[in-house]
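The following note sets out points on pockets, cores and aromatic pairs. Please read it alongside the coordinates.

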Amino acid sequence: MSVSNVEMAGEAGRYPAPLRILHWLIAGLVLATWPLGLMIGFVKEDVKLDFYLVHESLGFLVLWLMLLRIGARLTSGAPLVEAPALEKAAAHTVHGLLYVFLIIMPVSGFLATNAHGFPLNWFGLFTVWSPIGKSPDIAFTLSAIHEWSAWILLALFALHFAAVIFHHVIRRDRTLYRIL
């Protein structure tokens, strides 16, 4: 096999470049946004609004990148994987739930912020239109959905990361390289 054929064989088992880029971009944003949101309750009042601004702006960016990722995934597909049926089902379930909660979390956060009466001022550049406006009767429900979805997302991330370690360290297969 020539070098170009080896490179092409390696590329055939990988996700398309746009999906790989979006995967890592979203992962990095979530790994910054999640702890930032957790820290808001512990910062001094005089900087709390700054933490909210960055947290909400990053979360809104995650939402739009996830929508872009879903579109890219639907149009480009994924490389085929040979694995036992149970393993494939578990992987599909965790990936599907990651996608769902990476939409639920920013949407519920955005709506909760609006329902509490604070419009999203995206990175201080412009105000994002609010579909619900101030709605105190649903604000705490939306906040609870946002908080619970954050913890569920953390659990799903832990499962995803454990699977990566399992494949890379124990099985020593090329699963990790599909997304690199």
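1. Pockets are defined on a 1 Å grid over the protein atoms alone: a pocket is an open set of points where a 1.4 Å probe fits, with protein on both sides within 12 Å along at least five of seven lines, and lining residues have an atom within 4 Å of a point. Grid points are joined across faces, edges and corners, and a volume is the space filled by probe spheres set on the points. The second largest pocket holds about 980 Å³ of space. Among the 33 residues of its lining, Ile40, Tyr52, His55, Glu56 and His146 are the closest to the centre.

2. This is a predicted model, in which local features need pLDDT of at least 70 and side-chain atom pairs count only at pLDDT 80 or more, whereas totals for chains, interfaces and linings use all residues. Residues are numbered from 1 along each chain as its sequence is written, and side-chain values use heavy atoms, with hydrogens and water left out.

3. Helices are DSSP runs (H or I, at least four residues) numbered from the N terminus. H2, H3, H4 and H5 each give at least two residues to the lining of the second largest pocket, and H3 provides the largest share, 9 residues. By class, this lining has 19 nonpolar, 11 polar and 3 charged residues; Ala, Val, Leu, Ile, Met, Phe, Trp, Tyr, Cys and Pro count as nonpolar, Asp, Glu, Lys and Arg as charged, and the others, Gly among them, as polar.

4. The largest pocket has a volume of about 1,500 Å³. It is lined by 47 residues, and Tyr15, His23, Ala91, His95 and His160 are the closest to its centre. At least two lining residues come from each of helix H2 (17-39), helix H3 (45-76), helix H4 (85-115) and helix H5 (136-171). The lining of the largest pocket divides into 30 nonpolar, 8 polar and 9 charged residues.

5. A nonpolar core is a set of buried Ala, Val, Leu, Ile, Met, Phe, Trp, Tyr and Cys residues joined through side-chain atoms within 4.5 Å. Buried means under 20% relative accessible area, exposed over 50% and partly exposed in between, with a 1.4 Å probe and protein chains only. The largest nonpolar core has 26 residues, and Ile26, Val30, Val62, Met66, Leu102 and Leu153 have the most contacts inside it. H2, H3, H4 and H5 each supply at least two residues of this core, with the largest share, 7 residues, coming from H2.

6. Leaving aside residues up to four places away in sequence, Val62 touches Ile26, Leu29, Val30 and Leu102, where contact means heavy atoms within 4.5 Å. Thr33 lies in helix H2 and counts as buried because its relative accessibility is 6%. With the sequence exclusion of up to four places, Thr33 touches His55, Leu58 and Gly59.

7. Rings of Phe, Tyr and Trp (its six-membered ring) pair if their centres lie within 6.5 Å; planes under 30 degrees apart count as stacked, over 60 as edge-to-face and the rest as tilted. By this rule there are 6 aromatic pairs. The rings of Trp34 and Trp151 have centres 5.0 Å apart and planes at 85°, so this pair is edge-to-face. Trp34 in helix H2 and Trp151 in helix H5 are 117 residues apart, and their pair links distant parts of the chain. Trp34 is buried at 17% relative accessible area, whereas Trp151 is partly exposed at 41%.
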